Amino acid sequence: MPSFDVKLNLPGFSIEKSSGFNPIIYDLKNPHAARCPHCGSGSLRTKDRILRLVWHESTGLRRVLLRFCVCKYLCRACGRYFRQRLADYLAQWPAIERIYSFKEELMKVLSAKNQSKKQCRSWARCLLDAIAQLQQSGFEECRKLAKTMESWQEEIARMWRFSRSNGITEGYHRKMKLIQHRVFGFRNFENYRIRLRVFCA
Ligand SMILES: [Zn+2]
């Protein structure tokens, strides 16, 4: 059904069934027949099925989940077991593969911790390079990400060197909010202050 494919916006895939209201769940049909990665044979026996749920772009205010089946196969030709892999999927979609590997590299840059001054310099070069690449991208989302990362670049660089966070303050803040929520707000600030000191001190 063509109207469904427009909703899905994933070339090659088609929707088998849709259910639910919010989130809407689309059951996807895997368009590519699986092949054995060891011998290339297409003669396979399905041994196991795993349902995977992936968030998709929302339709208006309703959220959308994609549900598809990933199988474990036994190859009749060589007798080996294998699962449908991400690599197989990416090989069919070279454009997505490039974005995916870029994302993996970027995550490495963002999650580096306890680095020396010298290491930080090379990370900084990687980060600036990534931002420049994102700015030139044809996708609006990538350009938005470049803007966000540019405005946060000093904070990101600080996190490579130091591992301090404001987690403790945030923890107290959450406790304060919980107390307020539990009693539906305090009219008297002094009572609130006493209650907090009992709870947090
Ligand atoms: Zn095989």
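You'll find F184 in the loop between α7 (167–182) and α8 (189–200). Its phi is near 55 degrees, a positive value in a residue other than glycine.

Before going on, keep in mind that this is a predicted model: local features need pLDDT of at least 70, side-chain atom pairs count only at pLDDT 80 or more, and totals for chains, interfaces and linings use all residues. Residues are numbered from 1 along each chain as its sequence is written.

N114 sits in the loop between α3 (94–110) and α4, and has a positive phi of about 50 degrees although it is not a glycine. N114 counts as exposed because it has 9 C-beta neighbours inside 10 Å.

Now step back to the whole chain. Its secondary structure comes to eight helices and five strands; helices (H or I, at least four residues) and strands (E, at least two) are DSSP runs, numbered from the N terminus. Reading from the N terminus, the order is α-β-β-β-β-β-α-α-α-α-α-α-α. The radius of gyration, 25 Å, is well over the 17 Å that the globule rule gives for 201 residues, so the chain is more spread out than a compact globule. That radius is taken over C-alpha atoms, and the rule is 2.2 Å times the number of residues to the power 0.38. Along its principal axes, the C-alpha trace spans about 75 × 50 × 35 Å. Of the 201 residues, 4% count as buried.

On to the strands. β1 (residues 14–19) and β2 (residues 24–29) pair in the antiparallel sense over five bridges, where pairing takes at least two bridges found by DSSP between two strands. S14 has K29 in β2 as its bridge partner. The two strands form a hairpin with four residues between them, and G20 in the turn has a positive phi of about 80 degrees. P23 also lies in the loop between β1 and β2, and the peptide bond leading from N22 to P23 is cis, with omega near 0 degrees.

β2 has another partner: it pairs with β4 (residues 62–75) in the parallel sense over four bridges, with I24 standing opposite V64 in β4. The C-alpha atoms of F68 and T46 are separated by 15 Å, with the two residues 22 apart along the chain.

Finally, look at a pair of helices. The axes of α4 (residues 117–135) and α6 (residues 153–161) come within 10 Å and cross at roughly 150 degrees. Those axes are lines fitted to C-alpha atoms, for helices over the stretch in contact, and angles run from 0 to 180 degrees between N-to-C directions. On the α4 side, C120, W123, A124 and L127 make the contact, and on the α6 side Q153, I156, A157, W160 and R161 do; being in contact takes C-beta atoms, placed from the backbone, that lie within 7 Å.

How values were computed:
Two residues are in contact if their C-beta atoms, placed from the backbone, lie within 7 Å. A residue is buried if 20 or more other C-beta atoms lie within 10 Å of its own, exposed if 12 or fewer, and partly exposed in between; C-beta atoms are placed from the backbone.
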